[in-house]
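Please consult the sequence and the structure while reading.

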Amino acid sequence: MTARLRKLINDLKATFWLIPAVLVVAGIILAKASVALDTSVAFPDWLAKGAWLYDGGAAGARGLLGAVASSTITVAGTVFSITIAALTLAAGQMGPRLLLNFTRDRGNQIVLGIYLGTFVYSLLVLRSVRSEAEGAFVPHLSVSLGLALAIVCVAALVWFVDHMAGRINVDTVIALVSEELRDAIKRLTVEESQPPPPPSTFWAGAVAIPNRQFGYIQQLDDEGLAKWASENNTSIYLLNRPGTYIFPQTPIALMLPAVKGAEDALTEAIAVGDHRGTSADLEYAARQLVEVAVRALSPGINDPQTAISVLDQLGLALCEIVPRHLQTGVKRCDGRMALVVSSVDYDGLLDTMFHSIRQNASTSAPVLIRMIEVLCAVASAEREPTRLAALRRHTDLVLEDASRMIANTRDIADIRARHSLFGADALLMIASQEDVEQKT
């Protein structure tokens with residue numbers, strides 16, 4: 001699957017109109033089918049005059065279908081307008097980028113589709129009703145289905161109000177973004193360790209390939225690019241990873257040895273867009289959570305509990321990484337180095353998760369204490385020395401900022417006490433790793 005096709009699929013998943021459009025088409029098909037059934041099938045008197053089918057005249061059918069059509073489109077417009085207003089206010093606290101969680105929400109799309117589909121269905125059935133002067137045709141089954149759809153709309157309205165009341169809750173938003181981060185971890189990490197990238201000396205004499213596009217890299221067809229490099233007996237080092245903004249005419253890759261067609265191959269393998277996304281960008285998924293915490297720590301909001309909730313979810317994500325490995329971006333074909341993609345490492349991921357929160361919480365003792373507790377909890381599960389050293393580095397940074405910014409000695413004592421809990425086993429593993437590095 002090429003990068004552009006994957007980008008198109010992800011864009012369609014993120015659009016708000018696709019499912020409503022499908023349900024509108026379903027409403028059109030249902031209206032045509034039900035009217036055709038009413039026209040071709042003569043219902044027995046016991047069914048036509050029973051409790052389940054509409055048995056009134058043309059005037060009553062027109063009044064019923066007109067009421068259903070007008071009420072559904074009015075309620076849909078009013079409810080969703082109020083919802084957008086509420087989400088706009090919530091975005092001021094949690095960040096405007098989190099509005100995408102509303103547009104991607106399948107429940108919201110289905111509810112809107114139900115209302116619009118019912119509206120279209122009612123209009124199409126309404127145009128088929130004929131009075132005695134016009135030919136005397138009343139689609140009893142179709143009108144009954146319209147009444148049933150109106151009842152479904154009432155149920156959808158009740159569900160939607162309850163759903164949205166929960167969705168604009170900050171804890172619910174944090175949980176949803178955290179789920180996106182954990183899904184990204186499952187997709188973008190691997191169970192088995194990958195070969196490390198070659199040293200920088202490997203690329204001595206490589207030729208820089210200029211970029212033709214601009215925007216954020218949203219999708220990368222690394223398999224296709226590696227196959228092209230292997231077929232042309234060359235190696236490519238992609239300097240930018242998914243989530244990076246690229247500029248035209250700047251170097252985007254190194255190639256050794258130089259072959260023709262590299263610019264076209266890179267343009268084909270990279271799909272860019274106006275914004276970042278979580279489908280191929282692990283750091284962006286973490287940044288969404290960080291943005292909620294940073295906004296909560298701003299002077300205008302001053303909500304340390306929200307920042308603490310974000311730290312808990314970041315710790316959960318790091319624990320999910322414990323048995324897995326971050327991709328190194330190395331692709332080998334036929335036993336040779338074909339492609340190396342610049343990739344995020346554990347140190348960089350921790351910096352993305354904790355630097356901004358720590359810097360904005362430098363005077364908030366509860367947040368700093370919880371940050372150290374989260375880092376210590378992750379360290380108690382982690383066994384890789386390099387990762388433990390990175391976790392230790394961040395606990396030291398928290399203690400350093402607290403010692404400089406917090407004046408209360410008791411708060412400093414609490415932070416130092418938490419800092420001292422960083423696992424003894426972890427410290428031993430870090431020390432042993434440092435000894436090995438010194439000997440080598």
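On a 1 Å grid over the protein atoms alone, a pocket is an open set of points with protein on both sides within 12 Å along at least five of seven lines, whereas a cavity is a set of points where a 1.4 Å probe fits but cannot get out; lining residues have an atom within 4 Å of a point. The model is predicted, so local features need pLDDT of at least 70 and side-chain atom pairs count only at pLDDT 80 or more, while totals for chains, interfaces and linings use all residues. Residues are numbered from 1 along each chain as its sequence is written, and side-chain values use heavy atoms, with hydrogens and water left out.

**The second largest pocket**

- The second largest pocket has a volume of about 600 Å³, a volume being the space filled by probe spheres set on the grid points, which are joined across faces, edges and corners.
- Of its 24 lining residues, L188, D222, P242, A280 and Q327 are the closest to the centre of the pocket.
- At least two lining residues come from each of α1 (3-14), α8 (170-188), β3 (215-220), α11 (282-296) and β9 (330-333); helices (H or I, at least four residues) and strands (E, at least two) are DSSP runs, numbered from the N terminus.
- The lining has 9 nonpolar, 8 polar and 7 charged residues, where Ala, Val, Leu, Ile, Met, Phe, Trp, Tyr, Cys and Pro count as nonpolar, Asp, Glu, Lys and Arg as charged, and the others, Gly among them, as polar.

**Cavities**

- The structure holds 2 cavities of 30 Å³ or more, and the second largest cavity contains about 50 Å³ of space.
- The second largest cavity is lined by I209, P210, N211, R212, Q213, I252, E263, L266, T267 and I270.
- Two or more of these residues come from each of β2 (207-210) and α10 (262-269), and α10 gives the largest share, 3 residues.
- By class, the lining of this cavity divides into 5 nonpolar, 3 polar and 2 charged residues.

**Helix packing**

- Two packed helices are described by the angle between their axes and the distance between the axes.
- Axes are lines fitted to C-alpha atoms, for helices over the stretch in contact, and angles run from 0 to 180 degrees between N-to-C directions.
- The axes of helix α2 (residues 18-40) and helix α6 (residues 106-126) come within 7 Å and cross at roughly 30°.
- That angle makes α2 roughly parallel to α6, because angles under 35 degrees count as roughly parallel, over 145 as roughly antiparallel, 65 to 115 as roughly perpendicular and the rest as oblique.
- The crossing of α2 and α6 is right-handed; a crossing is right-handed if the near helix is turned clockwise from the far one by less than a right angle, and left-handed if anticlockwise.
- The residues of the contact of α2 with α6 divide into 16 nonpolar, 5 polar and 1 charged.
- Helices α8 and α12 (residues 304-321) pack at an angle of about 20°, with their axes 10 Å apart.
- Helix α8 is therefore roughly parallel to α12, and α8 passes α12 in a right-handed crossing.

**Backbone features**

- L256 and P257 are joined by a cis peptide bond, with omega about -10°; P257 is placed in the loop between β6 (251-256) and α10.
- N233, a residue other than glycine, has a positive phi near 55° and lies in the loop between α9 (222-231) and β4 (235-238).
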